[in-house]
Amino acid sequence: MLAGRIRTEQGDITRVRVDVIVNAANPTLLGGGGVDGAIHRAAGIGLLEECRMIGGCPTGEARITGAYNLPHRHVIHTVGPVWQGGAANEAALLASCYRASLELAEDRACDSIAFPAISTGAYRYPLEPATEIAIQSARDFLRTDGPAMDIVFVCFDAKTRAIYEEIIRRP
């Protein structure tokens, strides 16, 4: 039995009503394009300053910061793998991103978390297998003895949301 709920939303991750949002960051944590740039712009300079103090993050790991001007308690930054054809441990690294992020949220007693489609933009991870990893990672986490947590996958467009919804419906 799952101890929480998995759902999707379409839109801007910086506006989703959750305790913590996940940033699909680059290894420097200093901002970039896509979701990373949007989160840094919305959070303001304080986020950049805190990220500078952290000093980066390896692929597959996660770091947590304050949310600054965002309406959340925290931002979790995780670095997904760059797609190299599937033979460079990409699946395990991507699953590790989700697991590490969920564990940080649990450590901070967060009741809800929102994820973007990690690695599927500039890092070119194919959407359907990346989504399968995301959903399976969420299900595995919710099956543990940890607290109930709502997990929201925030999709930039209708195509991405349709793929997430279809995979969520699978047993």
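Colleague: How many aromatic pairs does the count come to, and what makes two rings pair?

Modeller: This is a predicted model, and the count comes to 5 aromatic pairs. Rings of Phe, Tyr and Trp pair if their centres lie within 6.5 Å.

Colleague: Why is the pair of tyrosine 98 and phenylalanine 115 called tilted?

Modeller: Take the distance, then the angle. The ring centres are 4.9 Å apart, and the cut-off is 6.5 Å, so the two rings pair. The planes make an angle of 50°. Stacked needs under 30 degrees and edge-to-face needs over 60, so this pair falls into the rest and is tilted.

Colleague: What makes you say that this pair links distant parts of the chain?

Modeller: Tyrosine 98 sits in helix α3 (residues 90–107), while phenylalanine 115 belongs to strand β5 (residues 112–115). The two are 17 residues apart.

Colleague: Are tyrosine 98 and phenylalanine 115 buried or exposed, and how do you know?

Modeller: Tyrosine 98 has 1% relative accessibility, so it counts as buried. Phenylalanine 115 also comes out at 1%, and therefore counts as buried. The cut-off for buried is under 20%.

Colleague: Which residues do ring pairs link into a cluster?

Modeller: Tyr98, Phe115, Phe153 and Tyr164 are joined in this way.

Colleague: Let's turn to helix α2. Which residues in α2 are buried, and what covers them?

Modeller: In α2 (residues 45–54), Gly46, Leu47, Leu48, Glu50 and Cys51 are buried. Their cover includes α1 (34–43), β3 (62–66) and β4 (74–78). Residues three or four places apart on an α-helix point the same way, because there are 3.6 residues a turn. Just after α2, glycine 55 has a positive phi of about 85°.

Colleague: Now the whole chain. How do you know whether its radius of gyration agrees or disagrees with that of a compact globule?

Modeller: For 171 residues, a compact globule would be near 16 Å, and the protein chain has 15 Å, so the two agree. Its C-alpha trace spans about 45 × 35 × 30 Å along the principal axes. Of the 171 residues, 50% are buried.

Colleague: And what elements make up the protein chain?

Modeller: There are 5 helices and 6 strands, in the order β-β-α-α-β-β-α-β-α-β-α from the N terminus. Among contacts between residues at least 6 apart in sequence, 68% join residues at least 24 apart.

Note on methods: Residues numbered from 1 in each chain as written. Predicted model: local features only at pLDDT ≥ 70, side-chain atom pairs only at ≥ 80, totals over all residues. Heavy atoms only, no water. Helix = DSSP H or I, 4+ residues; strand = E, 2+ residues; numbered from the N terminus. Rg over C-alpha atoms; globule rule 2.2 N^0.38 Å. Buried < 20%, exposed > 50% of the residue type's maximum accessible area, 1.4 Å probe, protein only. Contact = heavy atoms within 4.5 Å. Phe/Tyr/Trp six-rings, centres within 6.5 Å; stacked < 30°, edge-to-face > 60°.
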